Amino acid sequence: MRNTELYRRQTPESSAVHAARLDLTRLGGSEIQVWEGTGVFGICRSLFLRSRLENWIKASRTAGAPPLLKDLYGFEEEAHLDDAMLLLQQDDDFIYVHQGPRSVLEYGKVFRGALLSSIPGNMSLSFRHHYNAAAADMRPRYLQFRTDFSARHVRWERIVLPLVSDEKQASKFLLLYSEPLDDKLEILQAAFDRSAIGMVAAAKTIGEEKTLEDAVILLANSRARSMLGMDDNALPVSTVRDLRAWVQAVRKWEQIGEPKTTLGKTIIGFRDKEKSKNITVVIEPIDHYVVFHFLD
């Protein structure tokens, strides 16, 4: 039972159990933190990942040895394999023999049939190091890492569960489950909403005859709504054309001088007579979007 004693649920007497081993090989700005032992249960945020680790522990205790592929992978086949990846060890490398559809969706890439070492990017070598360590001592690992694979997510947490093909351990597998720790869109939305600068974001409309006036308003943060006198619960403008009309007809801001263009940005000055202050609007195109910055 050497491999499972370490994972028994208990309060660790030493803080060393909770210490992470930081992978200091910074590859493309990436870093991987790895935990083992009971400390995983206090660090892992995902109830789903903790349940996968507990399931591995139960299977290992029942067998008195590392779980067999058919016992754990086969048992999970219907319930959770949409979220999983299964890797087969080949020398010091690993080949992806399974990747669930939800994993493909979250990462935005298909790894099935690929060697870990062949995946573009700078994290493969670091992952191979940790995966080989798990396959060598047949003990699970808990990882936190950053990746550029996903368009939505910044950081991830992952449980790495070692399995064997048979009692002779002729082949070794790793069953991986991953969950995002944060969401880029949520982070950007929070930063957008809390900004001290008023911001309105619009999406340019496709079509040669379409102009900036036709761009559709997507978001207006709290500061922009306050400066523009808009209700927090409803956005009374749909396009940039509507926004200009609102500024002129509702807020009655008067334009000061002619617009200026610098570094691709357009700068327009306004005078808010009601509040006796000047407003500077900076219009910044970003790919297929345009952002209006309101500065007072």
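Rings of Phe, Tyr and Trp (its six-membered ring) are taken as a pair if their centres lie within 6.5 Å, with planes under 30 degrees apart counted as stacked, over 60 as edge-to-face and the rest as tilted. In this predicted model, local features need pLDDT of at least 70 and side-chain atom pairs count only at pLDDT 80 or more, while totals for chains, interfaces and linings use all residues. Residues are numbered from 1 along each chain as its sequence is written, and side-chain values use heavy atoms, with hydrogens and water left out.

Ring pairs join Phe-94, Phe-127, Tyr-131 and Phe-145 into a cluster. Arg-158 lies over the face of Phe-127, 5.3 Å from the ring centre; the criterion is NZ of Lys or CZ of Arg within 6 Å of the ring centre and within 35 degrees of the ring normal.

The count of aromatic pairs comes to 8. The ring centres of Phe-48 and Tyr-177 are 5.5 Å apart and the planes stand at 90°, so this pair is edge-to-face. Phe-48 belongs to helix 3 (residues 47-63) and Tyr-177 to strand 7 (residues 172-180), so the pair ties together parts that are 129 residues apart in sequence. Helices (H or I, at least four residues) and strands (E, at least two) are DSSP runs, numbered from the N terminus. Both Phe-48 and Tyr-177 are buried, where buried means under 20% relative accessible area, exposed over 50% and partly exposed in between (1.4 Å probe, protein chains only).

Strand 8 and strand 13 run antiparallel and are joined by 6 bridges, and Met-199 stands opposite His-293 in strand 13.

Which residues of helix 9 (residues 240-250) are buried? They are Val-240, Leu-243, Trp-246 and Val-247. These residues cover an arc of only 115° around the axis, which puts them on the same side of helix 9. Just after helix 9, Lys-252 takes a positive phi of about 60°.

Terms used. The arc is that of the directions from the helix axis to the C-beta atoms. Two strands pair if DSSP finds at least two bridges between them.
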